[in-house]
Amino acid sequence: MTNFESELPALYRNAGAGGFAYASQAAGLGRLGGRNVGFGTSFFDYDNDGWEDLVFVNGHVVRHPVGADVRQQPVLLRNTEKHGRRMFVDDTLRGGRWFRQTALGRGLATGDLDNDGWPDLVISHSNSPVAVLRNRGVGASEGGVQRHWLGLQLQGRGHRPLAGATVTVQLGDRTVTRFLRGGGSYLSSGDPRVLIGLGEGETVSDVRVRWPWGEEQRWSIAGVDRYWLLREGEAEAAAAAGVAIRF
């Protein structure tokens, strides 16, 4: 959750049994301080290493704030392993020219606009044009190893709403879970498809969907680095053909 100035963004770890534990400091967000007024935020795996990263857009709501700027810099945080656990580290400057400037950030939506498997960003501002940021896949071949991805488009019977569906993907000995939501960021709704970074993995052994109404279904996926359409009640995954924006 983004917050007002003098407050950290609030990250709550699901402790099970309906409880949540405040984990901002433990996850490394304490380094951000309380300098920003946060608005749109999203988890997204911008480097397709299989671990979801974080992005915040910021901008003050007071015309003449005390001790802070009206236009504020966005923040990009990379999910990395540190001291034997997952933490977020500031990777803002790696995000490119737009991340190096200040703005009156408000809404933020994520989605693969050009269907290349790398999540892009769309940001709305107060009294400024919308920014469309294309993910160029920098770091896609770090250490000479190509990073892969898997895209999934879900379709329920009768095109029923899918908010609340759970997608589980088995990647070797690791299980990755994603949840379909009806919104998520400040006045924004992103790409409804599920995009999962696979890191160096080139195969997916099992894909399961638990539909919002409780039924569960399983598919075998024939290949990665592409989008698949998973229809409720159909045993085979079909190739999904999305409409891409040309940059």
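**View 1. Arg178 sits in strand β12, residues 174-179.** Strands are DSSP runs of E, at least two residues long, numbered from the N terminus. The model is predicted: local features need pLDDT of at least 70, side-chain atom pairs count only at pLDDT 80 or more, and totals for chains, interfaces and linings use all residues. Residues are numbered from 1 along each chain as its sequence is written, and side-chain values use heavy atoms, with hydrogens and water left out. Arg178 is buried, at 13% relative accessibility. Buried means under 20% relative accessible area, exposed over 50%, partly exposed in between (1.4 Å probe, protein chains only). Not counting residues up to four places away in sequence, Arg178 touches residues including Gly50, Glu52 and Ile196. Contact means heavy atoms within 4.5 Å.

**View 2. Four strands form an open antiparallel sheet in the order β3-β4-β5-β6.** β3 (38-44) and β6 (85-90) stand at the edges, so one side of each has no neighbour in the sheet. Strands pair if DSSP finds at least two bridges between them. Three bridges join β4 (residues 53-58) to β5 (residues 75-82). Val55 has Leu76 in β5 as its bridge partner.

**View 3. Trp211 and Trp219 form an edge-to-face aromatic pair.** The ring centres are 6.5 Å apart, with 80 degrees between the planes. Rings of Phe, Tyr and Trp (its six-membered ring) pair if their centres lie within 6.5 Å; planes under 30 degrees apart are stacked, over 60 edge-to-face, and the rest tilted. Trp211 is buried at 2%, and Trp219 is buried at 1%. Together with Trp213, Trp211 and Trp219 form one aromatic cluster.
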